[in-house]
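Visitor: I would like to learn how to read the inside of a protein model. Could you walk me through it?

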Amino acid sequence: MRVLVVADLHGNLAALEAVLAAAGPVDRVWCLGDIVGYGPRPRECVERIRELAGPACVLGNHDAACLGRSSLDEFNPVARYALRWTMLQLGPEHRAYLERLPEKLVFEEVTLVHGSLRGPIWEYVFTAEQARATFALLRTRLCFLGHTHVPSVFSEEAAARGEPPSRPGDGDTIELGEGRYLVNPGSVGQPRDGDPRAAFALWEPDRRRITFRRVPYNIEAVQAEMAAAGLPRLLIERLALGY
Ligand code: ZN
């Protein structure tokens with residue numbers, strides 16, 4: 001079985017389509033939230049994820065903000081501007097899908113969450129201390145999370161020793177041992193690790209193996225759409241920088 005794991009699409013349909021083409025045939029799609037916010041195609045991204053992942057998707061902080069569940073004051077000014085724009089784009093059917101998304105999902109040995117188990121919507125897991133707090137609440141062997149937009153792997157043993165996560169690059173495969181892991185596939189729609197290519201992961205539960213991938217897409221075309229929509233220049237520029 002092959003499971004495509006995606007996070008932080010952020011309304012970037014071209015990046016999502018490139019990921020789907022590069023992933024090839026998969027048995028399931030799991031989504032770690034932030035389908036919308038920042039990018040120019042929030043409606044289409046919700047529609048694609050609804051069709052591909054169905055209920056196998058958790059709520060992100062941008063998704064929650066579009067539902068009015070958190071104050072826009074929690075966001076920086078450009079993110080807030082893009083969220084106001086995004087809220088105007090979504091129809092009742094898009095909001096209805098986002099409304100149904102839980103903050104956490106458990107499939108047998110795997111937990112899905114956007115941020116962390118200590119703060120499902122908002123907390124970033126960048127450090128060993130943050131990872132340890134989530135491991136303490138984790139009831140499964142593996143947890144996929146997003147939110148940082150940086151591909152990372154924390155093992156419970158390494159986090160206990162205070163070590164930083166490993167940062168897998170394109171084509172890197174990790175074989176899971178007996179321990180427990182927190183795995184971030186990186187962001188489809190707005191990578192922040194200096195590599196502007198869309199990021200995703202393929203999980204093969206039978207082989208207990210995760211492969212990290214990066215795929216190029218037409219960034220200039222997305223930037224042109226964002227400019228035409230009047231989205232902030234900072235958000236347009238960062239796509240090409242991978243930050
Ligand atoms: Zn995000």
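Visitor: How many cavities of 30 Å³ or more are there by the rule?

Guide: This is a predicted model, where local features need pLDDT of at least 70, side-chain atom pairs count only at pLDDT 80 or more, and totals for chains, interfaces and linings use all residues. Residues are numbered from 1 along each chain as its sequence is written, and side-chain values use heavy atoms, leaving out hydrogens and water. A cavity is a set of points on a 1 Å grid over the protein atoms alone where a 1.4 Å probe fits but cannot get out. Here the count is one, and the largest cavity holds about 40 Å³ of space, a volume being the space filled by probe spheres set on the points.

Visitor: Which residues line the largest cavity?

Guide: Lining residues have an atom within 4 Å of a point. Among them are His10, Asn12, Tyr38, Met226 and Leu239. The lining has four nonpolar, five polar and no charged residues, with Gly counted as polar and Tyr as nonpolar.

Visitor: How many disulfides does the structure hold?

Guide: A disulfide needs two cysteine sulfur atoms within 2.5 Å, and the structure has zero. For Cys45, the nearest cysteine sulfur, in Cys31, is 9.4 Å away. Cys66 has its closest cysteine sulfur in Cys45, 12 Å off, so a bond is out of reach. Cys66 is also buried (under 20% relative accessible area), at 5%.

Visitor: How many residues does the largest nonpolar core have?

Guide: Such a core joins buried Ala, Val, Leu, Ile, Met, Phe, Trp, Tyr and Cys residues through side-chain atoms within 4.5 Å. The largest has 49 residues, and Leu4, Val6, Ile35 and Ile49 have the most contacts inside it. Apart from it lies another core, of 21 residues, including Val3 and Phe144.

How values were computed
1 Å grid on protein atoms, 1.4 Å probe; cavity = no way out; pocket = protein on both sides within 12 Å on 5 of 7 lines; lining within 4 Å. Buried < 20%, exposed > 50% of the residue type's maximum accessible area, 1.4 Å probe, protein only.
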